[in-house]
Amino acid sequence: MEDGAQHLGHCMVDMKELNANPEGLTAAGVFLTPKLPQVEFSLACNDLVASGSDRKPNALVQVAVIDPHKQHLVSHACTEIVEANKDPLFLTGVTFPSEYPASPETLVKLTVYDAKDKSQESSSFLGSATFSVGNLLRAKDERLTLSLRSSDGVCAAGTVVVNRLKMGEMEEVDVDHITTEIPSHKCPLVCESASHACIDRENNPLTGPVFKNPICKVYRFQTADSKWMLVREQMEECTLSFSIPKQLLSLYIQEDMSRVQDLRELGELSPHWDNLRKEVMTRYGGIVSSFQETLAELDKITGRSFKPSCCKAQKSLEFIPINLHTQRMRVTCPRKTDAFYDVVTVGAPAAHFQGFKCGGLQRLLSRYEAEKKSFSTAYQCIYYSPEHTAKAQEVLSTMSLLQPLITSLADRLLQSAQEHSSPGLRDALKNLSDKTEQFVHTLKDELVKSALLALHAARPGYVSKSQKQTTMQGGQHQGHILQGSDQNPSPVQGLPGHSPATSITDDTAVCNNVEGLQSTTRGEGVPLKHQDSIPHHKEYDEEEWDRVWANVAKCLNCVIAMVDKLQEKDNSNQEPVTEQQQLADVIISHNHGDWREQLCPPVTRLKECVMEVVEKAKRAMTFVLLQEAACSIPQGFLLQQRRDVVFSQALAALACGFVMRLYAGMQDQGFLRQLHLVGLVAQFESLLSTYSEEIGMLEDMEVGISDLQRVLFQITEAKTDDLSDLQPLVCGRRDHFTVEVPLPRLVFQTLPEEIKEGKPLRVFPVLFNVGINEQQTIAERFGDISLQERINQRNFETLEAYYKSLSEKVPLECLPCFQTQTDIKELLETLGQNVVTKKRKNVEILWIAGTICRRLNGIRFTSCKSAKDRTSMSVTLEQCALLRDEHQLSKDFFIRALDCMRREGCRIENVQKNIKCRKYAFNMLQLMAFPKCYRPPEGTYGKVDS
């Protein structure tokens, strides 16, 4: 380079090209074996000479790699600027992760500049030096002192010191340090204990399947007692960004196609209902086609594992989470065990392609529910509340799971009978009884009976008793069906969503069956909500369903009695005859033949009764959902699509966080105990404002995060140890999803029995939001922040309830230890006080919630619109706060550490990956509205397209 003003380019090495080759995979196919150990080093300079003799340089070092095969420079890293110092010690180190194809012959070029300003856009060349990786590894104490050559080749520009760093135990004394003009600057000799167990991601044998393309940064910071700590950031993409949405899309398509098939199988309906059915099927067909097109587009994408922020409104990628990454900070301090802190960063789950002109999901759903009653009038449907619709979906889902399971268990019972295995017979009978009782309990609901009555009234030619009486009285004019009288009250009087002016003709009464469908439901037990809108008709044989449903229980009793009888005769034990055994005596033949032969008739009858119940209940619940769908046209379908999009993004992020947390806690028995006894809290931190479009994003995010309550996790044993068999799988339907996380056999065997047996694992999602930008300033002064207040209050209550449950079931000794001694209960009280306090931009809510999450072994998420700018400020602030509170980071180094991470750390690389520019998307006016600790260092922000 020539002397004078220089432009510093920041060409990020494409880590996708640096993935380790397949030869590095172990036999288990899970972790990578690098050719060389990870190489990391720190930098310092001595006796730098600035261009002007009367001033001290603002030094920085740019690091480039000389490719030995291609013989050209590739920019690799850059230190922070140390101002006005001729002997600078740089806190930002240089790392070559194990994935980087370095070799002893790899040459590294260090170029020192004198920065004119903090933007680094112009600088003066001071000197350069070159060394090979082999030289550093072979050097005494793995330390090199190199002379800087100026542009004229004269070695008078000073020296640069390269010290290899190792993440491990550090020397407690400062030796071989470089004295600088700032007394606190020392360059320690960093050592690693030979027995130290590495826990960083490269050596964690469980990260290969879902995490890829790491970007690593290393720093050294001074502690309060003048020692040095090593800090390493590692940011990675997650393959679940694409795999989870693609699996969800397939499940959505499968569910909607199944719904269409169920509608076809409803049988003959009156013209009114048949037309509605056709319209609903057409709508479902349109959704299926749209989802199939999106899935086809996603299948064309190969090699990508994250969606950049500039693509957030792209239709083909609307199901993919925005800028999903994991970030781990690992800390090594003298005389302390290594610690690491994880966070998942992702753009707020929101339907950017569909826009926010009319608000987000929370507002749209509230408005939709309020208007749906009038939709039901327009379509002459029955209004079902969200609770009824959810119950119908639950019944369908439970039946689809239990019916094949009962059939399978019944066959297993017969197999045990054929083998004359008494223990096998008892075990199979117990499982069959449990599942059948669960099946019967699911169908013990007034909604099923009511829906059957409604379906009966929707058949062609149906005429209600009151309609017959009216016809017999001379075809008197029906008049207004909601016009009531004491002598002849209308069945739909007071029905929500029906206009008093609605009238129907005789023909409509016969074909549309509105009156018969809109009568009220009788029945014993606790009345349902909106009971007056559930249909009922006296002429229909109400007892038929009760008989069919009760037959299942009776058949089960027959099976139990038969098994008892067989085992009694087998053991030749004469015991008092019970009622069930008397019942078996009626059934059993006096010929004591084969067990299977004698058990087959009652088992077959049980399966037939179960199938009969399933067919009736399935048609009834499908009819409920038909009416829900009919009065949802078209808004309800659009809202469901929006909800699917938002949920897909949220689930991909949650699955990523769960896998990351599981991998990190595999050796922690307390964590695993907490996992299966209670579950994990997943704390989402949001920095969205409650103004303009972002309020719509927050409304989307609130519903998406809340919908994660419908998700369970299961740990399974992988079929093989191939990477493809270690990818998490999603199964289920919209009302309930399960994410299966496969683990290699040897790892799976170390888990608690409850987890190995497939116990569902719960996650408790909570969302806390505090807007920090200039739009939030407008909202707080002139707008409305009630959405933010309600979200924080509601989720505080959820978090408090989780802690209560956790403290009752799990000893607090299972929770991680922190240096800060504040009790979790005290932290919750402080959080509760902050949630109700009227304070502008109260970011303490986020800080305390994040602290509680980590103390509870939870999963941490941080979001803003694109997880790029505000998120970067939050993540770096939290990291430095953890270094201060847990590792005694010197107060004098706090701001310097924060600036280092924001200027040259993983987050600025995240910005580069998203928009191909190393500038946070802030301007000076915006930053004036930010809390001071969320403002980036000078020179790192500007107006860019984000």
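Reader: Is Tyr113 buried or exposed?
Author: The model is a predicted one, in which local features need pLDDT of at least 70 and side-chain atom pairs count only at pLDDT 80 or more, while totals for chains, interfaces and linings use all residues. Residues are numbered from 1 along each chain as its sequence is written, and side-chain values use heavy atoms, with hydrogens and water left out. Buried means under 20% relative accessible area, exposed over 50%, and partly exposed in between, using a 1.4 Å probe and protein chains only. Because its relative accessibility is 0%, Tyr113 counts as buried.

Reader: With which residue does Tyr113 form an aromatic pair?
Author: Rings of Phe, Tyr and Trp (its six-membered ring) pair if their centres lie within 6.5 Å, and planes under 30 degrees apart count as stacked, over 60 as edge-to-face and the rest as tilted; by this rule there are 17 aromatic pairs. The pair made by Tyr113 is edge-to-face, at 6.3 Å centre to centre with 75° between the planes, and its other member is Phe125.

Reader: In which strand does Phe125 lie?
Author: Helices (H or I, at least four residues) and strands (E, at least two) are DSSP runs, numbered from the N terminus. The pair links distant parts of the chain, 12 residues apart, with Tyr113 in strand β6 (residues 107-115). Phe125 counts as buried because its relative accessibility is 9%, and this residue belongs to strand β7.

Reader: What is the angle between the planes of Phe647 and Phe737?
Author: Phe647 lies in helix α14 (residues 635-664) and Phe737 in strand β17 (residues 736-743), 90 residues apart. Phe647 counts as buried because its relative accessibility is 2%, and Phe737 is buried at 1%. Their rings form a stacked pair, 5.5 Å centre to centre, with an angle between the planes of 25°.

Reader: Which residue has its charged end over the ring of Phe647?
Author: Ring pairs link Phe647 with Tyr252, Phe291, Phe319 and Phe737 into a cluster. A charge sits over a ring if NZ of Lys or CZ of Arg is within 6 Å of the ring centre and within 35 degrees of the ring normal. At 5.0 Å from the centre of the Phe647 ring, the charged end is that of Arg710.
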